[in-house]
Amino acid sequence: MARQVQKGELLTRVFSRTRRIALLSTVVLLLAVRRFGAQLLRRLLCSLLGLAAVQPGAIRRLGGLWVPGGSPGVQLSTVIFAREGGPAPTLLIRTPYGKVIKEWLAYAVAAQGFNVVLQDCRGRYSSSGAQTFAAFEDLDGRATMAWLAAQEFEWFDPTRVVAFGISYLGIVQWATVAGIERQRQVKQGVHIPQLAAIAPLFASSTVHTTFFQGGAFSLDFYLRYVQFMTTMRGCADWPSFLPGIVQFERRLARHLRKVLGATELHQKVGVPKFFKYNPRPQSKFWKNRDYSDALSCSPPAFIATGWWDLFLEGSLRDYEAVVRSQGPGHSRLVVGNWHHLSSIGPWTFCMLLQMSLDFLKQRTGLAAKDAAVSPKPVRLWIMGARAAQGEWRDFSAWPPEEAEDQLLLLCQGTLRRADEGDEHPASCSVGVEDNTRPSRFTYNPLDPTPSLGGDLFIPWEAGEKEQTPLARRSDVLNFDSEPLEVDSVMVGRARARLFVKASRPHFDIFVHLCDVHPSGQSYNVCTSVMRVRTPFDRAQSHQEVPTAAPGQSSSERVEVVELVSTGTAKRFLAGHRVRLTIACAAFPRYARHFGDAEQAFEHEPVEVQPCTVEVLHSEQEPSALWLPLLPADMESETPRRRRTLQEAAAAWPASPRRRVPMQGFAGMRKTWSEAGLR
């Protein structure tokens, strides 16, 4: 214990010395600016960030401003970098992470021709009010826009206000759009300037989907983010930040697997309970953090995310909703080989900042549209043999309309390709006795299946990771395809339909898609999760409750589980295999399930029992996987003709879009997906 205290004191001293060095460097920089002029600093910052040439004109810093928030007693600390010489576009940045450390960024952006408004969110750093994660940001964003319009600044143009930010800074952009639209619907006579364009990067308009995916709770992200938000509330917390993280990680490693109840886990790791473990998105807690109504009235948006980002699906769904409401070409989507915290890495951040400012400049008249930029609004990083070994490609839509679903049937440990027109789609089980037996594994909540890589919050654990240790466990099932004869490019979301039996009425199903190299190493590509409940829990009325057969137990009931993976873009090379891994946990990325629907997540479970799961792949229960593959002729210069409705309907099979009654593959032949009918 004394040794840990000494290490903590040593880290505090090191951080204090680092802080003194940073302050000394700032003083030296300010003296250099005073001696050589502000123009040199602007050129230096823009050069380091890879931005365009500095726009001429003086820049004034207006500090010590207090903007009334959207609730009584809330005062938002604000600083403005205003350009002299008449009205110019204004860029709004609202942050919960301290505006002081972002003033250098605001100064560089102001050198690009923008007025920059930098503001602390309520309850954070200098702003007053209670700290709430993402709640009431619509009120504060709307109040800030109204305050700017009422001040009659000579540099302010209400028709050219844009916003920029990453993660939480992107959520507040959707909140501002929603807040202004809600006010307009309530009070028709009140005019508040609407944002002309936004750049929400690595963010989502709906917070609930980040913490609950498929009904499973994102435990790892929750604990680490709450620890960060509660220990970094102001500049005075900086000296103890790094020692606090080290102590938190030690306590987390010691108690995470041993402690079963969330309430006790909070006490053991020293993290206060900040969120509610309520999975219902209709609850008041999550409704106060839902700004998805901004998508129907969204201004042009530059949306960027990564294949390993926590907000990947939220960003993709936001873009799809904006395209449906505003039409194609209205906004832009960029998805790269990034995880969440790589967005603040030097190279990735500079790239995102450049693309965002180019987009915002074109929407505000600061720059003309670049002819060298592809007119296609979607740019994706196609991962190769490894995630970093790929290429950028442009598409007209997300998901790409050119992608066609390839069906793979689950057999005993293998994936068999089913071609269109196959007379016996379930023939992998015909004549082979081993294939008629279900694949079985047992999940133990006390030794949950670990999560390797993917959309984790810690940068050194997120992203593409080797999955061989996971594939060797006895509590997972692996289904491998034959080695591919040619390269296959998958772009979109994989879908799976599994026929499952379980010894417990409630359980989780995790499906991982992996790329198996000829050497035997496998790497994760995408993941899907579904919390399976009994038909009585899913029913909305007594009429929807199915009637069970006399004497039928939960272990005899067959559940049809349909899963949709996260979006991805991956090139499977010739000679590689496609692997489907099925498990009942991905801990600690998601909280483990103990099999009891009545058990609250906060409390320790009353009983902990293993769950035996069977995946059926017989002719009557044909479990299957659909991969959205690009046709081979997309590499040619001649554009491919789209199929007619009759041609698409005649093609078999189609991927699942919604739950339908199944009667073997005879029923699947009659089920046509929206993708197949395009």
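1. Trp 392 is partly exposed, at a relative accessible area of 31%; here buried means under 20% relative accessible area, exposed over 50%, and partly exposed in between, with a 1.4 Å probe and protein chains only. Trp 338, by contrast, counts as buried at 8% relative accessibility.

2. The model is predicted, so that local features need pLDDT of at least 70 and side-chain atom pairs count only at pLDDT 80 or more, whereas totals for chains, interfaces and linings use all residues. Residues are numbered from 1 along each chain as its sequence is written, and side-chain values use heavy atoms, with hydrogens and water left out.

3. A search of the whole structure finds 25 aromatic pairs. Rings of Phe, Tyr and Trp (its six-membered ring) pair if their centres lie within 6.5 Å; planes under 30 degrees apart count as stacked, over 60 as edge-to-face and the rest as tilted. Among them, Trp 155 and Phe 156 form an edge-to-face pair, 6.2 Å centre to centre with 90° between the planes. Both Trp 155 and Phe 156 are buried.

4. Trp 338 and Trp 392 form a tilted pair, with 6.0 Å between centres and 50° between the planes. Trp 338 belongs to strand S10 (residues 332-339) and Trp 392 to strand S12 (residues 391-395), so the pair ties together parts that are 54 residues apart in sequence.

5. The protein chain contains 17 helices and 25 strands, these being DSSP runs numbered from the N terminus (helices H or I, at least four residues; strands E, at least two). Of its 678 residues, 55% count as buried. Among contacts (heavy atoms within 4.5 Å) with a separation of 6 or more, 78% are between residues 24 or more positions apart.

6. Helix H5 (residues 168-186) has 19 residues and reaches 27 Å from its first C-alpha to its last, close to the expected 27 Å; the expected span is 1.5 Å times one less than the number of residues. Because 15 of its 19 residues are buried, H5 is largely enclosed by the rest of the structure.

7. Ser 519 is found in the loop between strand S19 (507-516) and strand S20 (522-532). Ser 519 is exposed, with a relative accessible area of 60%. His 576 is 57 residues from Ser 519 in sequence and 9.2 Å from it in space, C-alpha to C-alpha.

8. Two arginines sit over aromatic rings, the criterion being NZ of Lys or CZ of Arg within 6 Å of the ring centre and within 35 degrees of the ring normal. Arg 589 lies over the face of Tyr 590, 4.5 Å from the ring centre, and the charged end of Arg 592 over the ring of Phe 587, 4.7 Å from its centre.
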